[in-house]
Amino acid sequence: MTDRSHRRRAPLLAAPLLLALAACGDVGVQSILHPSGEGARNVARLWWALFAVGMAVYAVVLGILARALFRSRRGQAEPREARVGLWIGIGGGVVPAIILAGVLALTLVTLARDAAAEWRADDLTIKVVGKQWWWDLEYESDTASRRLRTANELHIPVGRTVKLKLEARDVIHSFWVPELQAKRDLVPGRRLEFWLRADRPGVYRGQCAEYCGMQHANMAFLVVAHPQAEYDAWYEAQLRASFAPTTPEAIEGQRVFLEKPCAMCHAIRGTMALAEVGPDLTHLASRRQLAAGTLKNTRGDLGGWIVNPQGIKPGSHMPDVNLSAHELRALLAYLETLR
Ligand code: CUA
């Protein structure tokens, strides 16, 4: 199904909302009504069904109201009391019970579809750990050298049902990529499984959907769905350790990184920095965004984030690190080599 044919079918009622959302960024429409994966399609189907039921009830109620007004204007006699009781019984009890039973049935069908898809999840398993306020991602593998740790940008192959293991380390978070899947909470102390599937390549924005503290709004992430070959190439590139810097400025920058507090929280594979407190930075420069979707990954934004994290994301665990202008320039030159 092409994107265009899909848009053409998008009901007119949702158009203004979708346009407003589309204007918000360059990563597509962050809406469950614009599904690009099986999970979101299940939810969207249920949403439209409930919307149709709601509109039908609304139309019937308005019809009854109009009829009553019309009759009273013409001064027609009130119906007999016995019939009023009967209609209240039907309208207030029987009809709502039938409608709610229908809604329950639709919901159960959606849940069953969701569970069926979960069973089909293939062997690609990614551990998603929610932390205040970023996403720690770990691609699992039986072979230790094929395990991959990254952050805030989840890459998946198109057309495969990926299994997610959801965990939280501090408070409850919620994993939500509206275009691909329903929400699922991450609860400290519990290991929950979930699945994710994208039907077409693209970049989909996700967002923590459970209030988790001061920077809840800045706990976003991206899901990048690739065709299988492109995904394989990405994976191999990410598995690689970082290259040793070659220019004098980048070499100086690596020294700054390892000697300043940076290395106490972050890992860069291929160096002595192995900490797991903050995001793994081995391929930082390959990511699209910084600080869990708070900033674009540009030299200016990265510099601002390093110098003033508490101004940009107050309360985050990234401390202000005192660097001279010379050290900052060198550090940026080094970080930019982490492709
Ligand atoms: Cu994490 Cu809201």
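Which residues of α5 are buried? In this predicted model, the buried residues of that helix are Y231, W234, Y235, Q238 and L239. Because they cover an arc of only 130° around the axis, these residues lie on the same side of α5. The chain as a whole has ten helices and twelve strands, and 40% of its 339 residues count as buried.

**Helix α5**

- The twelve residues of α5 should span 16 Å at 1.5 Å a residue, and the end C-alpha atoms are 16 Å apart, which agrees with that expectation.
- The cover over the buried residues of α5 includes the strands β2, β3 (148-151), β4 and β10.
- An α-helix has 3.6 residues a turn, so residues three or four places apart point the same way.

**Nonpolar cores**

- The largest nonpolar core holds 34 residues, and within it L154, L164 and F175 have the most contacts.
- At least two residues of this core come from each of β1 (125-131), β2 (134-139), β4 (153-157), β5 (162-168), β8 (192-196), β9 (202-208), β10 (220-226) and α5 (228-239).
- In soluble globular proteins, nonpolar side chains tend to be buried together.

**Whole chain**

- Among contacts in the chain with a separation of 6 or more, 63% are between residues 24 or more positions apart.
- The chain exposes about 18,200 Å², of which carbon and sulfur atoms supply 62%.

Notes: Residues are numbered from 1 along each chain as its sequence is written. This is a predicted model: local features need pLDDT of at least 70, side-chain atom pairs count only at pLDDT 80 or more; totals for chains, interfaces and linings use all residues. Side-chain values use heavy atoms; hydrogens and water are left out. A nonpolar core is a set of buried Ala, Val, Leu, Ile, Met, Phe, Trp, Tyr and Cys residues joined through side-chain atoms within 4.5 Å. Buried means under 20% relative accessible area, exposed over 50%, partly exposed in between (1.4 Å probe, protein chains only). Helices (H or I, at least four residues) and strands (E, at least two) are DSSP runs, numbered from the N terminus. The expected span of a helix is 1.5 Å times one less than its number of residues. The arc is that of the directions from the helix axis to the C-beta atoms. Contact means heavy atoms within 4.5 Å. Accessible areas come from the Shrake-Rupley method with a 1.4 Å probe; for residues, only the protein chains shown count as cover.
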